[in-house]
Amino acid sequence: MKLGTFMMPLHPPSRQPWETYVEDREAIILADRLGYSEALVGEHVTDLAENVTSCCMFLASLASETKQIVLGTGTVNMPNSHPAAIAAQVAMLDHMLKGRFIFGISPGGLMSDAEVFGNFKKDRNAIFLESINMVLDIWKGEAPYNLKGQFFEVTTQNTQIPEIGQGKIIKPYQKPHPPIVVTAVAPHSKGVTEAAKRGWTPISANFLLPEWVASHWPKYKEGRPEGTGADWRVAKSIFVSDSEQTAKEYGHGSKGPYWFYFKQLIRKLVGAGGRGNLFKLDQNEPDASINADTMTPKLVLAGTVNSVVEQILAFREKVGPFGTLYYPCHDWVDPKLARRSMQLMAEQVMPKVNAALKE
């Protein structure tokens, strides 16, 4: 099993962006130094808690600061930008990283972003599909493109000067394009099946109950029967400590960043987004029963090294044969504990997990 990291990221909205950007960059630089294989970063425009407004811009700042880790967009919210802009920016980033790049895409799940870009209550899945199809057509096609859809149009027909290169959009470093990944959130997601048919691979979200994570693998195999566990990435909030008491207090307690994370997320997804189904197996259970106190212990693996190893193995046994575990980066309430957890995860937990899997 490979170890990666996934950063939404989510901080107290009272913190200043300049401060959290430094922290988030440090987390990925540390992950690179510790041997994490991949690091994906999300984006939102209208959220002070998730203040990376462009994951491409953020990752570009890490291109020369990292050496081996593969960086990825987690995700580009396709309906919120023009396909020509996405195609050009992603291709540029792929060149800056010389192919050390994964292209994560989604329709975007933050309703205030949808509203600010004029997509609220529109068919964002349809916009998403048209956008990614146009991006791929730009990369495989040639100027002047002449692409016209329901939502977007791409052409340089009237302004191109081919002999000097004007009117052409750069193609990615990787051929024909970077690997494409999609986030999997909905239980029994049909989108995972459709993505698999196109050769895209899924990332199961870290805020899902294990039963809903387990529902993604059969849907992926429906679309790609030849797929293996190596294709599947699963995110899971984890905190590792040298002390069991510290692990429980920081990992599950109300003063730790994980409790804050689920408090914020539940407010967004349940209170504002109508997604209470993600946090309960019995859909007759009232949404009012969903809160950070009940969900954080259910959704965060916390403990000392051996305890976390056992919890990861039990989780994988329950959900299926995923090949990459994403360790989400949360706010560094205590930077020393946060760094130590990442270190223990890479240097002690994962070797023991992989030794057990081999047995």
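Which handedness, left-handed or right-handed, does the crossing of H10 and H11 have? The crossing of these two helices is right-handed; a crossing is called right-handed if the near helix is turned clockwise from the far one by less than a right angle, and left-handed if anticlockwise. The structure is a predicted model, in which local features need pLDDT of at least 70 and side-chain atom pairs count only at pLDDT 80 or more, while totals for chains, interfaces and linings use all residues. Residues are numbered from 1 along each chain as its sequence is written, and side-chain values use heavy atoms, without hydrogens and water.

Helix H10 spans residues 257-272 and helix H11 residues 292-299; helices (H or I, at least four residues) and strands (E, at least two) are DSSP runs numbered from the N terminus. Their axes come within 9 Å and cross at roughly 120 degrees, where axes are lines fitted to C-alpha atoms, for helices over the stretch in contact, and angles run from 0 to 180 degrees between N-to-C directions. H10 and H11 are therefore oblique to each other, since angles under 35 degrees count as roughly parallel, over 145 as roughly antiparallel, 65 to 115 as roughly perpendicular and the rest as oblique. In H10, Tyr258, Trp259, Phe262, Lys263 and Ile266 meet Ala292, Asp293, Met295, Thr296 and Leu299 of H11, contact being heavy atoms within 4.5 Å. By class, this contact has 7 nonpolar, 1 polar and 2 charged residues (Ala, Val, Leu, Ile, Met, Phe, Trp, Tyr, Cys and Pro count as nonpolar, Asp, Glu, Lys and Arg as charged, and the others, Gly among them, as polar).

A search of the whole structure finds 0 disulfides, a disulfide being a pair of cysteine sulfur atoms within 2.5 Å. The cysteine sulfur closest to that of cysteine 55 belongs to cysteine 56 and is 4.9 Å away, too far for a bond. Cysteine 55 is buried, at 0% relative accessibility (buried means under 20% relative accessible area, exposed over 50%, partly exposed in between, with a 1.4 Å probe and protein chains only).

Most residues other than glycine have a negative phi, and most peptide bonds are trans. The peptide bond from lysine 175 to proline 176 is cis, with omega near 0 degrees, and proline 176 lies in the loop between strand S7 (153-154) and strand S8 (180-184). Lysine 98 has a positive phi, near 50 degrees, and counts as exposed at 62% relative accessibility.
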